[in-house]
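Please read them with the model open.

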Amino acid sequence: MTDMKKILISMVCLVFSTVAFSQKMMTRSGEIKFDATVPGAMDPVIATNNTVSSIFDKTTGQLVLQGMVKSFKFKSPLMEEHFNENYMESDKLPKTSFNGKVVGYDGKTGTYDVEGDLTIHGVTNKVKTKVTISNAGGKLEIAGNFVVKLSDYKLEVPAMAKKTLAETAKISIKLDLEDKK
């Protein structure tokens, strides 16, 4: 066998072994909670989206999340309507996403820094926070939260809503990831 054939066969084997032992995990039922309630307000401004898609690559720490804006559910249908039509413009800007990295992930459970690009309302900003990674019954759970300033995403709080809607929102994530098939 020639050296060129050996090199080619080695490269093909390397590519297939990388694919075969992929360390990607995913979910299509991740959770994002959004809370922009003014402290002491009578009506909480809280929504939950339980249909968030996410992929996490354990070898690189790459973490990607994507959620449809209309999938955020509020206790009040009227609040949900205002959220979609007046603030998020979900017909025009239907998705929210995060594309980043869990820094220094070494395959162990614990708390890690995560940083990347968060896109809300068509605006992308760099964010950094901490997440907790744990094993739960054959799944990998990633959970964390951070605070965003609504105006950083071109979301303005009208004067008449300031008693209920805060100018910042706490966003929390919970992902139960399984091996990608």
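1. Please read every value here as computed from a prediction.

2. **Buried side of α2.** Helix α2 spans residues 77-87. Its buried residues are Glu80, Phe83 and Asn84. They sit on the same side of α2, because they cover an arc of only 85° around the axis.

3. On the face turned away from the buried side, α2 carries the exposed residues Leu78 and Glu85.

4. **Glutamate 89.** Which residue with a positive phi follows α2? Glutamate 89 does, with phi near 50°. Most residues other than glycine have a negative phi, and glutamate 89 is a residue other than glycine with a positive value. The loop between α2 and β5 (95-103) holds glutamate 89. Its relative accessible area is 27%, so glutamate 89 counts as partly exposed.

5. **Lysine 154.** Here too phi is positive, at about 55°, although lysine 154 is not a glycine. Where is lysine 154 found? In the loop between β8 (139-149) and β9 (165-179). Is lysine 154 buried or exposed? Lysine 154 is exposed, because its relative accessible area is 63%, and the cut-off for exposed is over 50%.

Notes:
Residues are numbered from 1 along each chain as its sequence is written. This is a predicted model: local features need pLDDT of at least 70, side-chain atom pairs count only at pLDDT 80 or more; totals for chains, interfaces and linings use all residues. Side-chain values use heavy atoms; hydrogens and water are left out. Buried means under 20% relative accessible area, exposed over 50%, partly exposed in between (1.4 Å probe, protein chains only). Helices (H or I, at least four residues) and strands (E, at least two) are DSSP runs, numbered from the N terminus. The arc is that of the directions from the helix axis to the C-beta atoms.
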